[in-house]
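Here is my note on the model. The points start with a hairpin and move on to the core.

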Amino acid sequence: MNGEVATVASFQAGPVTGPRQESVRSLMDVPLRQTVELERIEAPDDEVEPLLERGILPGCRLRRVRNSPSGDPIVSVEGTLLALRRECAAQLFVREVAPASSGESPAEILATRTA
């Protein structure tokens, strides 16, 4: 499957309809410090596997914490900070979720204080 684009989708019961479908957007379009849930990854096969190995899976919670000096996003994935390339983040499609009631993880608090 060289060069083919793979779509990794979350498993859902029934079709996606209504407002949920409309709220799906690229991770690059998400403002800083907003928590979102990964819906799907639209990337070539060779780019998907490293993301999956790092815990970026459909259904996981992501949060854009800050940007690197070059403008690439630094995201919190279930409390772990990862630096992504803009091109990679543009292939991650997410939807908004309500903030967790437990608050921020220590890594997120540290990252926002040093931003």
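1. The hairpin of β4 and β5 has five residues between its strands. Within this hairpin, glycine 71 takes a positive phi near 95 degrees. Elements here are DSSP runs numbered from the N terminus: helices are H or I of at least four residues, strands are E of at least two. The model is predicted: local features need pLDDT of at least 70, side-chain atom pairs count only at pLDDT 80 or more, and totals for chains, interfaces and linings use all residues. Residues are numbered from 1 along each chain as its sequence is written, and side-chain values use heavy atoms, with hydrogens and water left out.

2. β4 pairs with β5 (residues 73-77) in the antiparallel sense, over five bridges. Pairing requires that DSSP finds at least two bridges between two strands. Arginine 63 has serine 76 in β5 as its bridge partner.

3. β4 (residues 61-67) also runs antiparallel to β3 (residues 35-44), joined by three bridges. Here valine 36 is partnered by leucine 62 of β4.

4. The largest nonpolar core has 19 residues. Such a core is a set of buried Ala, Val, Leu, Ile, Met, Phe, Trp, Tyr and Cys residues joined through side-chain atoms within 4.5 Å. β3 gives the largest share, four residues.

5. Leu27 and Leu62 are among the core residues with the most contacts inside it. Beyond four places in sequence, leucine 27 contacts residues including Val36, Leu62 and Leu84 (heavy atoms within 4.5 Å).

6. Buried means under 20%, exposed over 50%, partly exposed in between (1.4 Å probe, protein chains only). Its contacts beyond four places in sequence include Arg61, Phe93 and Val97.
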